[in-house]
Amino acid sequence: MSSTLRVLFFHGLGSSINGRKSLYLAKHFPNSYTPHLKPYYLLPLAFWRAIIAIYHFKPDIIVGTSFGGFILMLLLQRQVWNGNTILLAPATGLLFKKRLWLPKDHRKNIVIVAGRNDKTVPLEGLTELQQSSRDNIRFLVVEDDHRLNKSMIEQDQLRNLINANSQPPMTTNKINNYFDCIKLWLSCEYLRGIRSNTIKTLFQTNLALKNLRHQLDNEIVDQLNLLEGGFRPDETYLLITTDQVKYVVKYIEYSHSLEHLQSILQFEKLLHDSYEYLCPQIILSSKQQLVIRDDNRFLFIQTFIEGVEPTREILDKDDIYLHKMGHLLAQWRIASREYSSSIQIEEEDRELTDQWWKKQTIQNVDPFLLSNFLECKKYLINLKANFERGLIHNDFHANNSIMTNDGNIFIIDFVDACQSVFVADLATSLFHLLVDQQNGEHRAQAFLQGYQQTTPLIKEEINALDMFVRFKLTLSIIEDLRDSNDTDHPFIQSCFHLLHKLNNHSTLVKNLCLQHYF
């Protein structure tokens, strides 16, 4: 049986994936797996990794020791797991003598092992749990200390316990997909509650777990629905509370550092709180954290903006929408001036610097795109003007805006932001407008008017704007073709058409800017 059993092991605080018990299980149970549960002070991370391990590994039995036993008891309480269970000196009596409990309907599947000489989780600390479940839970007391290495490993009792208690597992329908994992994690008691725009218990350390109630409730997180959009199909969720307040949960892959993402989210928070800028509000944890990291993915939460993306009819109805959009980008620039002067951006995260240019390797692309890239690169590198820099949105266009019922326009999707020259941000907005062959120039002119009424462009920026638009458009086409290579897509065709037009009319954008002054 040992060769086929799938044994999942949750290690203790002082141990790791290479601890004695983990190595012991790997030796005797080839299909064993130990997830990394550190750092222990980020308890939500440990709980999340435990949920993911159950989902992916699909164990026949789970063994949890000390802190890992505590994690396993939380899983049992939420009925994330209801199969065969062995708890080795679970840290329940020490932390939650009167708080933790075990579900009545499947206690027969549970074995608890306690050390008579355990000084960390004393035997009497489990007395209440034992007394309330003595007729159901198998309770084994051994002559050992907290680690239980002598009895479980040296005397080989752990292997015997696993083999003896690996009955056909009671399966659960709680985790059927990745979506269920996130929903269970967010609805955990120690992560519960969105209160006054703060997830008060999110990212709590073990000190805050003393506030756990005996009964878990589901009264806070009512729904968690997958939203379309993003680079991955599983990165954006709509969280709805029982009082029908809506939040967006982002669980993204990110190519830059945690510090860079934090600087972006901090700026978004500054825009919303201090400048009353129309954008989502970032939800802080009780520890004032903006984001939590989980290996190569990052999770953060913000308010949900109820509204619609602008349609062609909205954009062409009048110039008000695009005029407001231009004004919002100019407001961004004003706020970014102050913010960017107070933070330190790593050189590798700064666009259009010497180090950034060295990283731009363009290979196996259309010759026309390559020639445009090289021409723009030469022009921009040799440009002597000292353009104003700051944190730019880097993807500021109508599809990243939401119109609410009262006519307000909110800007969303900040995660592509980077440090660059402000005129590059404007160039991205303009090429997205100009790509419309029917009304592109009129749309761009309306946008520019809203922008320059708030923040007038200097002469050097106006003169260089055509080349910046060409450059941003070229990079966008290259990136899109790298992902799909579908040159026949209507949007790609429109982009190529615009790029040819900009080549033939080198002052097209400049003329649109100057029309604002006449």
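Trainee: What makes strand 1 and strand 2 (residues 61-65) a pair?

Mentor: Strands here are DSSP runs of E with at least two residues, helices are runs of H or I with at least four residues, and both are numbered from the N terminus. Two strands pair if DSSP finds at least two bridges between them. Strand 1 and strand 2 have four bridges, in the parallel sense, so they qualify. For one of these partners, look at Phe9, whose bridge partner in strand 2 is Val63.

Trainee: How are the model and its numbering set up?

Mentor: This is a predicted model, in which local features need pLDDT of at least 70 and side-chain atom pairs count only at pLDDT 80 or more, while totals for chains, interfaces and linings use all residues. Residues are numbered from 1 along each chain as its sequence is written, and side-chain values use heavy atoms, with hydrogens and water left out.

Trainee: Which strand order does the open sheet have?

Mentor: Its five strands follow the order 1-2-3-4-5, with parallel pairing. Strand 1 (7-10) and strand 5 (138-142) each have a single partner strand, so one side of each has no neighbour in the sheet, and they stand at the edges. From one strand to the next, the twist averages 15°. Angles run from 0 to 180 degrees between N-to-C directions, using axes that are lines fitted to C-alpha atoms, for helices over the stretch in contact.

Trainee: What packs on this sheet, and which strands are touched?

Mentor: Helix 1 (residues 20-28) does, touching strand 1, strand 2 and strand 3 (84-88), where contact means heavy atoms within 4.5 Å. The direction of helix 1 makes about 175° with that of strand 1.

Trainee: Why is strand 4 (residues 110-115) described as largely enclosed?

Mentor: Buried means under 20% relative accessible area, exposed means over 50%, and partly exposed lies in between, with a 1.4 Å probe and protein chains only. Six of the six residues of strand 4 are buried, so the strand is largely enclosed by the rest of the structure. Ile110, Ile112 and Ala114 cover one side, and Val111, Val113 and Gly115 the other. Strand 4 also pairs with strand 3 in the parallel sense over four bridges, with Val113 as the bridge partner of Leu88. Five bridges join strand 4 to strand 5, again in parallel, and Ile112 has Phe139 as its bridge partner in strand 5.

Trainee: Why is the pair of Phe267 and Tyr339 called tilted?

Mentor: Rings of Phe, Tyr and Trp (its six-membered ring) pair if their centres lie within 6.5 Å; planes under 30 degrees apart count as stacked, over 60 as edge-to-face and the rest as tilted. The centres of Phe267 and Tyr339 are 5.0 Å apart and their planes are at 40°, so the pair is tilted. Phe267 is in helix 9 (residues 258-274) and Tyr339 in helix 11 (residues 320-340), 72 residues apart. Phe267 is buried at 0% relative accessible area, and Tyr339 is buried at 7%.

Trainee: How many aromatic pairs does a search of the whole structure find?

Mentor: The search finds 14. Among them is Phe67 with Phe70, also tilted, at 6.2 Å centre to centre and 40° between the planes. These two are three residues apart in helix 3 (residues 67-77), which puts about one helical turn between them, and both are buried.

Trainee: What makes Arg6 count as lying over the face of Phe57?

Mentor: The rule asks for NZ of Lys or CZ of Arg within 6 Å of the ring centre and within 35 degrees of the ring normal. Arg6 lies over the face of Phe57 at 4.3 Å from the ring centre.
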